Amino acid sequence: MKRAAQAAFDSAVGILAVLAVGLAILWIRGIQPLIVISGSMEPEIRVGSVCLADTGVSFGEIRIGDVIVYRLNDDTLVTHRVIDKTEEGLETKGDANDVSDGIAATPENLYGRVVATILYLGYCIMFLKIPAVRITAGAGLSLLYLLTMITEETETKKPREDKI
């Protein structure tokens, strides 16, 4: 029992540590994770996926065919493909949309270029944002830790039986 509980706890802590280091490295490099909540880019980018956007890309580096992220307003980011580049800005369109967005992206509202997507990870992140889920996960990890401590303590108190 002790070994299984200790292994489960160690695994959970290890996974959390690797995720934290990975996110810190991405953040330092200017890569921001974004959760996809609409189907405008399907099937290329599915709802519930996470897009990794390079926020350090300059406007001049963007090419036709790139998938970019731009600010529609203060609260909304849009992820669409560049279909034309003009003097006014970038014309974009969602892969699943019938019509273009027009000139949607300019140097002022460009957020970044999508460099990778992770299928369905956004669903997991959204699930973990629910307070009851976080509380339950924290309680579960705490319980697992206590279980490893209790079993360790009871095993050290057991009298040893020497074989003759």
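This is a predicted model: local features need pLDDT of at least 70, side-chain atom pairs count only at pLDDT 80 or more; totals for chains, interfaces and linings use all residues.
Leu-52 in E2 is the bridge partner of Pro-33.

E2 is a strand with cover on both faces. Val-50, Leu-52 and Asp-54 are buried on one side, and Cys-51 and Ala-53 are buried on the other. Because 5 of the 5 residues of E2 are buried, the strand is largely enclosed by the rest of the structure. For the chain as a whole, 27% of the 164 residues count as buried.

The chain contains 3 helices and 7 strands. Read from the N terminus, the order of elements is α-β-β-β-β-β-β-β-α-α. Helix H1 covers residues 2-28, helix H2 covers 121-128 and helix H3 covers 131-157. Among the strands, E1 spans 31-35 and E4 spans 77-85, while E2 spans 50-54. Strand E3 takes in 67-71, and E7 takes in residues 110-118.

Next come the open spaces in the model. The largest pocket holds about 560 Å³ of space. It is lined by 19 residues, and those closest to its centre are Leu-16, Leu-19, Leu-23, Ile-125 and Leu-128. Four elements each give at least two residues to this lining: H1, E2, H2 and H3. H1 provides the largest share, with 7 residues.

E4 gives the most, with 4 residues. The lining divides into 10 nonpolar, 5 polar and 1 charged residues.

Charged side chains also pair with each other. The count of salt bridges comes to 5. One of them joins Glu-42 to Arg-46, with the closest N and O atoms 4.0 Å apart. Glu-42 is partly exposed, at a relative accessible area of 27%, and Arg-46 is also partly exposed, at 33%.

Another salt bridge connects Glu-44 with Arg-81, and here the closest N and O atoms are 3.8 Å apart. This pair links distant parts of the chain, since Glu-44 sits in the loop between E1 and E2, Arg-81 sits in strand E4, and the two are 37 residues apart. Glu-44 has a relative accessibility of 52% and therefore counts as exposed, the cut-off for that class being over 50%.

A further salt bridge brings Arg-113 and Glu-61 together, with the closest N and O atoms 4.0 Å apart. This pair too links distant parts of the chain: Arg-113 belongs to strand E7, Glu-61 belongs to the loop between E2 and strand E3, and 52 residues separate them. Glu-61 is partly exposed, with a relative accessibility of 38%. Salt bridges that share partners also join Glu-44, Arg-81 and Asp-95 into one network.

What remains is a contact between rings. The structure holds 1 aromatic pair. Tyr-120 and Tyr-123 form this pair, and their rings are stacked, with 6.1 Å between the centres and 15 degrees between the planes. Tyr-120 is partly exposed at 40% relative accessibility, and Tyr-123 is likewise partly exposed, at 43%.

Methods. Residues are numbered from 1 along each chain as its sequence is written. Side-chain values use heavy atoms; hydrogens and water are left out. On a 1 Å grid over the protein atoms alone, a cavity is a set of points where a 1.4 Å probe fits but cannot get out, and a pocket is an open set with protein on both sides within 12 Å along at least five of seven lines; lining residues have an atom within 4 Å of a point. Grid points are joined across faces, edges and corners, and a volume is the space filled by probe spheres set on the points. Ala, Val, Leu, Ile, Met, Phe, Trp, Tyr, Cys and Pro count as nonpolar, Asp, Glu, Lys and Arg as charged, and the others, Gly among them, as polar. Buried means under 20% relative accessible area, exposed over 50%, partly exposed in between (1.4 Å probe, protein chains only). Two strands pair if DSSP finds at least two bridges between them. Rings of Phe, Tyr and Trp (its six-membered ring) pair if their centres lie within 6.5 Å; planes under 30 degrees apart count as stacked, over 60 as edge-to-face and the rest as tilted.
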